[in-house]
Structures are given as structure tokens and as C-alpha cells.
Amino acid sequence: MSDIRLRFAPSPTGFLHVGGARTALFNYLYARRTGGAFILRIEDTDIERSTEESVENLLGSLRWLGLDWDEGPGKGGECGPYFQSQRIEIYNGYVQKLLDEEKCYTCFCTDEELEAEREEMAAKGLPPKYSGKCAKLRKEEVRTLLDSGKPFGIRFRVPPGEKIAVEDLVHGHTEFDSSILGDFIIKRSNGFPTYNFTCVVDDYLMKISHVIRGDDHLSNTPKQMLIYRALGFDTPIFGHVSMILGPDGSRLSKRHGATSVEEFRNNGFLPEAVVNFLSLLGWSPPEKDGAVKEIMDLPEMCGLFGFDRVSKNPAIMNTEKLLWMNGMHLRKLPGEKILELSPSLLEDSFIGGSREKALKYIEATRDYYNTLGDVTGRLAEFAEPGLSKELLSEYPPEKFIPLLDCLLEDIHAADLSNMQMLPAFFKNISKKTGLKGRDLYHSMRVFLTGKNEGPEMQHFFFVLSKDELSARFEKARAVLKG
RNA sequence: GUCCCCAUCGUCUAGAGGUUAGGACACAGGCCUUUCACGUCUGCGACAGGGGUUCAAUUCCCCUUGGGGACGCCA
């Protein structure tokens, strides 16, 4: 195994978002591509918002997508624990180190004070950064406040006027000036350290070589660089992947419809399609023989992925293409697999619990599938129709009763077990009755299904048993005879 | 407001100074076909605007505009 180590570090405060899923995917792909390790770390330092259910959901979504991790929850690993909430002692040690070196300080400001300060800055048209008030506190003052039991947080002392350069894998060279940064909290008054601090400590301790995350963290990076410096850690390679936006170009949110992996799963999408679709949001596979192969499975993507082809632009989520792509993946699946994914198919009254019939039905209708929901969506077309005189009014008895007679006679001896045999069967019926084209096929469709459209006629003869075919044709004959 | 990022068809994107600006989804039409779908073919459709640099800019630089992000004791 190489020294390349990547991680996905979500906070368990909700479902796995498509943006997060894609970040996880890019990390996974690069790790697999390079023979490195893919680590999952749960960033649950916000005890207010982190929930156990979110953790379970996150893990479930990741597993469903097929993004298996080498180290992390349920897997263990040398750099654990992988829940930040279990690493508080570790962070405290580093906070103390910084405190001893006076690279951070205690802050006694209350939320109200900070809020007032921000408003004041905003009113003056200044960037709302912390004034550094508590940085000026004398040791004795701090002592007194501490003794009085006043709550306090720990702030990182940002050195002013420093240039902070980030060489980003996707954005290239980016520079920040530390002066735009206010001293920021690295440890809350409730004792829990904050993201920018834990992230640095863990990425270092877990020997992360590449930090691949969302664009929204780009402006956090200078803060983290400062912490790396203060702690004397080497910095990893950064790569900031663009955001995924909603159809209106704004940040993706609930009002944009399905945005979580969970929802796509529930809506009949396949993990291979979701992963495939997400991979193409911000990455393009290299051309091969002048063409791009867009439909890929995870191993194929692993073989092709690289940050040289990751785009800087934010991407708007287009569900239409996902739908198409899902169909591509779904239609490729063997019938058994589709049946396994659509267990309710067996409960249908037409299928009657018969695996054999279900598989025949799948073979006959698979070209119509885009989502798993479409699998059962065609059943109504196979159900026994309620035929009436009005429905069959287009079909004069003198012309079509001979057809039904002929069908009823020939069905028994015919081999309907193979769809390839059916064109010959129909040809023979056509020859005997003199009916062809629409007269022949459309009438059979209506007699059999009571509908004007649906799968090809041969599919019905393939799926329906001879008894069912006979029964339906007999019924149609009875209605025609009136 | 300040700082950072981004800017090619409606959408995802290829392009890395000279291309009829390519592909995919969607859309329209043709073919296949009893219908719909699948498949296939064709069409529609873009370099945000303005300045530079250059013999030559979609491509490099600057400005504007637009979008996004950060400026939290959220991550």
C-alpha cells in the first residue's frame, strides 16, 4: 500500500447529500486509483446537532453506493478512533501545547457581546471579524475571570500580515492574507474543539496525504494552514472540488427536490447510476479513440480518475440525465437481479408469486425501465382487461371472430416459450386469416389487454400462459358475438 | 461590506493561441415497428460584456457583470 491516504469526513447532522456523496466518491476513486487508503472519519464535535441516526444513515448510504472504506467506523484501523467525539483528549493535548506557547488564548466574550461587535463592524462597513479584545487580557485578569467560573473558549491567535499560499489540486495557486482573518475559536466553552482545529489534528495524525473536500472549505484553508504551522505539522495536498447547485443555480437544498442519496435510493435509482452520474459532475473521463465512454461502473472509474480532469466550475444538478443513466444501468442488469431489487413484483396478482413468470415479464418489459419503480409499472398492461362492446366496437365480428378462432386453435400446438419463435407464429396467423399490420396486431392487443399501447405483441404471448391467452381470446370472442 | 473561487449549447462537459468549437442529456424530425419504449440517424443549440497582449484569441492579462463560498463557540 502506498503512502497515499484520503479521507471523507462528514458531520452526522443529516442525510448524505449528493455534494457530500460526490466528495466521498472523488476521495474513494483517487485512493483506489493510486493504491492508497480511503478513510472514513465522523466529525461529530457539534454535540447539539450530531445524531446517531445520521451516523447510521451516512454509513448506510456510503455502503449502498459501494464506497467501502479501509479504515473507519465498523472497520477500525491504526489511526482510530474515527469518531472525533472520542478523540477529545487528543485535541486537548494540542490545545494545551498551543496555550503554553501563547499561540492561542482564553476568550470570555459572551454570544451577545460578539453579536454586538459584529453588528458594529458591519455598520462601519468593515469585515465582521473578532476584535481580539480578550487577546489583550493580562495574566492576572485571566486568572481572576477563570477563578470566577466565567465560561470561556479558546481562540487561535492569528499572526497579522502573513501571506498564506495554498497550492490546490484543482484550483492551482491561491493566496490569502492572514489580516482578513479574526482570531477564531478552536475550543468551545463547552469543552469541545471546533472543526478547523480537529480537522488539522486528525488529518495530521491519520497521515492524510490528500485533503479532497468541497469548495466551501477553500476559505477555511488559510485558517487551517495557520494551525498546521503553529503545531509544526507538514501540510497535506489540498484539492477543493466545486459545489453542486440546484437547477436555479443556488445552493442545493430541500426545495430542489431529492438531494440526498437516501432519497434517490427510495426513488428507484441504482447505486451504480448515482455514482456514475455524480462522477461526471465535475470530472470528465479521458477520451478513448476520440470518444468518451460515459456509462461506467466503479472499477472503470477507478481506472480513469485523476484530478487533472476535475473541473473548477460549479455544476448544476440535472436529474434528467440521471434518469436516463439509471435506465442504462438498469436495463443492463440480469433478470434475476432486477427481480431481487423489485420483490413486490411477486406479490402482484397477475404474477401470482411465480418466479418464472416474473422473469418472463421482466424480459418482456425491461426496455421500458428507467427506475426500479418502472418495473412494476407495466403490470397493469398485462392484467386481465374488462372488455366491453364499446371497447371492441372498432372490430366487426365477421372480420375478427375468424381471427380469434384461428388463434384459439393454433395456440395449443405453438411453441411460445421463446420470443424468437413468435414472429413466425404471427406470420402464420396472418396467412391464415388474411389480416396483417394494424388489423392483426392492434386487434390482438385490444383483445388481450384492453389497451391501445404497450410492449410489443410478442411479449404478451411470451409472458402470458397458454391458458391465460385462451381465456382472454375466448372472452373477447364472447363479447364480439354479443 | 471585505476576502476567495468560478464563467463554452437549456444542463453536464471536451478544448490547454490558428478547430466547420467536439461529445452526452433534454428537445425536434427520420428510420426500425401494430403502438409506446429501446436502438439508430439527422437537426436545433454555446465561447457573459469591454479593454488589452499577439500576425492570430474561447484559450493569456486586466476591468465590469453575473453566480457561488467564507467572514460562527456549524462543519
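**View 1. The second largest pocket of this predicted model has a volume of about 330 Å³.** A pocket here is an open set of points on a 1 Å grid over the protein atoms alone, where a 1.4 Å probe fits, with protein on both sides within 12 Å along at least five of seven lines. Lining residues have an atom within 4 Å of a point, and a volume is the space filled by probe spheres set on the points, joined across faces, edges and corners. Look for 14 lining residues, with Glu 102, Tyr 105, Thr 106, Lys 139 and Val 142 nearest the centre. Strand β3 (104-107) and helix α5 (139-147) each give two or more residues to this lining, and α5 gives the most, 4. Helices (H or I, at least four residues) and strands (E, at least two) are DSSP runs numbered from the N terminus. By class the lining has 8 nonpolar, 1 polar and 5 charged residues; Ala, Val, Leu, Ile, Met, Phe, Trp, Tyr, Cys and Pro count as nonpolar, Asp, Glu, Lys and Arg as charged, and the others, Gly among them, as polar.

**View 2. The largest pocket holds about 1,300 Å³ of space.** Its lining has 41 residues, and Ser 11, Thr 13, Asp 216, His 217 and Arg 251 are the closest to the centre. Elements giving two or more residues include β1 (5-8), α6 (195-205) and β8 (210-214). Helix α1 provides the largest share, 4 residues. The lining divides into 14 nonpolar, 16 polar and 11 charged residues.

**View 3. RNA strand B is surrounded by 61 residues.** Each has a heavy atom within 4 Å of the strand, and Gly 125, Arg 188, Glu 294, Tyr 368 and Met 457 are the closest.

**View 4. Zooming in, the side chain of Glu 294 has an N or O atom 2.5 Å from a sugar or linking oxygen of RNA strand B.** Glu 456 instead places a backbone N or O atom 3.3 Å from a base oxygen.

**Notes for all views.** Residues are numbered from 1 along each chain as its sequence is written, and chains are lettered from A and ligands numbered from 1 in the order in which they are written. Local features need pLDDT of at least 70 and side-chain atom pairs count only at pLDDT 80 or more, while totals for chains, interfaces and linings use all residues; side-chain values use heavy atoms, with hydrogens and water left out.

How values were computed: A polar contact is a pair of N or O atoms within 3.5 Å; within protein, one must be able to donate a hydrogen and the other to accept it, and residues adjacent in sequence count only if both atoms are side-chain atoms.
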